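Please work through the exercises below with the sequence and the model open side by side. Each task is followed by a solution that goes step by step.

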Amino acid sequence: AVVSTQSTGISTKASEGYSRYTMYEQGQETYYITFMTADEKHADANGMFPTIKIEGSWGVTKTGLLDLYDHNDMERGKKDIYTVPGMKYVGDIKCIEITVRGKDGWKFQYIEVHSGRNMRATYFYNTAGIWMSTKSKDVSRYRMCQK
């Protein structure tokens, strides 16, 4: 499996992404990332592409753009599960940092992360009520840690 070092998708249109990209495999671990979109007006997103940096007791790993192929993900009140192979194993998950790209806004209720090696899920709840977007009034990068 491969992920983009620039967290970009591959496209034949220059307007949809970078014209250059570098691909590499970080490791042998598979991570499972669940987004639960908030069940409130305008919480869903179309054209939003997040990446997640996972920080653990043994290091850091980062996903490429998360988007479910041929599926309308990040819908209001719904759960989406992303399977991300080729990642570095980071041990016990301590923090995540979500970064969004795209043209829409999105509000999540929680993000759950676990690996194939450590099936114990780690939950990160949006207790601050953060709206994710690239607009200046919202947040495009947000870091959450376990207490």
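Strands, like helices, are taken here as DSSP runs and are numbered from the N terminus, a strand being a run of E with at least two residues. The model is a predicted one, and with this definition its elements, read from the N terminus on, run β-β-β-β-β-β-β-β-β-β.

**Exercise 1. Overall make-up**

Task: State how many helices and strands there are in the protein, and what percentage of its residues is buried.

Solution. Step one is the count of elements, which gives 0 helices and 10 strands. Step two is burial: a residue is called buried when its relative accessible area is under 20%, and buried residues make up 43% of the 147 residues in the protein. Step three concerns the contacts with a separation of 6 or more, of which 72% are between residues 24 or more positions apart.

**Exercise 2. Strand 7 and its partners**

Task: Determine how many bridges join strand 7 to strand 4 and how many join strand 7 to strand 10, and name a bridge partner for Thr51 and for Glu97.

Solution. Strand 4 and strand 7 run antiparallel and are joined by 9 bridges, and the partner of Thr51 in strand 7 is Thr99. Strand 7 also pairs with strand 10 in the antiparallel sense, over 5 bridges, and here the partner of Glu97 is Arg143 in strand 10. Strand 7 is mostly covered, since 7 of its 10 residues are buried.

At 8% relative accessibility Thr99 counts as buried, and its side chain makes a polar contact with the side chain of Arg141 at 3.1 Å. Leaving aside neighbours within four places in sequence, Thr99 is in contact with Phe49, Pro50, Thr51, Ser140 and Arg141.

**Exercise 3. The disulfide**

Task: Identify the two cysteines that form the disulfide, say whether it is right-handed or left-handed, and say which strands hold the two residues.

Solution. The structure holds 1 disulfide, formed by Cys95 and Cys145, whose sulfur atoms are 2.0 Å apart. The torsion about the S-S bond is about 110°, so the disulfide is right-handed. Cys95 lies in strand 7 (residues 93–102) and Cys145 in strand 10 (residues 141–145), so the pair ties together parts that are 50 residues apart in sequence. The two cysteines can also be classed by accessibility: Cys95 is buried, with a relative accessible area of 8%, whereas Cys145, at 36%, counts as partly exposed.

**Exercise 4. The largest nonpolar core**

Task: Name the residues that touch the most other members of the largest nonpolar core, and find which strand gives the most residues to this core.

Solution. The core has 26 residues, and Ile33, Phe35, Ile52, Ile54, Trp106 and Ile111 touch the most other members. Two or more residues come from each of strand 3 (29–37), strand 4 (48–56), strand 6, strand 7 and strand 8, and strand 7 gives the most, with 4 residues. As a check on one member, Ile52 has among its contacts, with neighbours within four places in sequence left aside, Ile33, Phe35, Leu66, Ile96, Ile98 and Ile111.

**Exercise 5. A serine in a loop**

Task: Decide whether Ser133 is buried or exposed, and find which backbone atom its side chain reaches.

Solution. Ser133 lies in the loop between strand 9 and strand 10. Its relative accessible area is 1%, so Ser133 is buried. The side chain of Ser133 reaches the backbone nitrogen of Lys135 at 3.0 Å. Beyond its neighbours within four places in sequence, Ser133 has contacts that include Met48, Val100, Asp104 and Gly105.

Key
Residues numbered from 1 in each chain as written. Predicted model: local features only at pLDDT ≥ 70, side-chain atom pairs only at ≥ 80, totals over all residues. Heavy atoms only, no water. Disulfide = S-S within 2.5 Å. Buried < 20%, exposed > 50% of the residue type's maximum accessible area, 1.4 Å probe, protein only. Core = buried A, V, L, I, M, F, W, Y, C linked by side-chain atoms within 4.5 Å. Contact = heavy atoms within 4.5 Å. Pairing = 2+ DSSP bridges. Polar contact = N/O pair within 3.5 Å; in protein donor to acceptor, adjacent residues only side chain to side chain.
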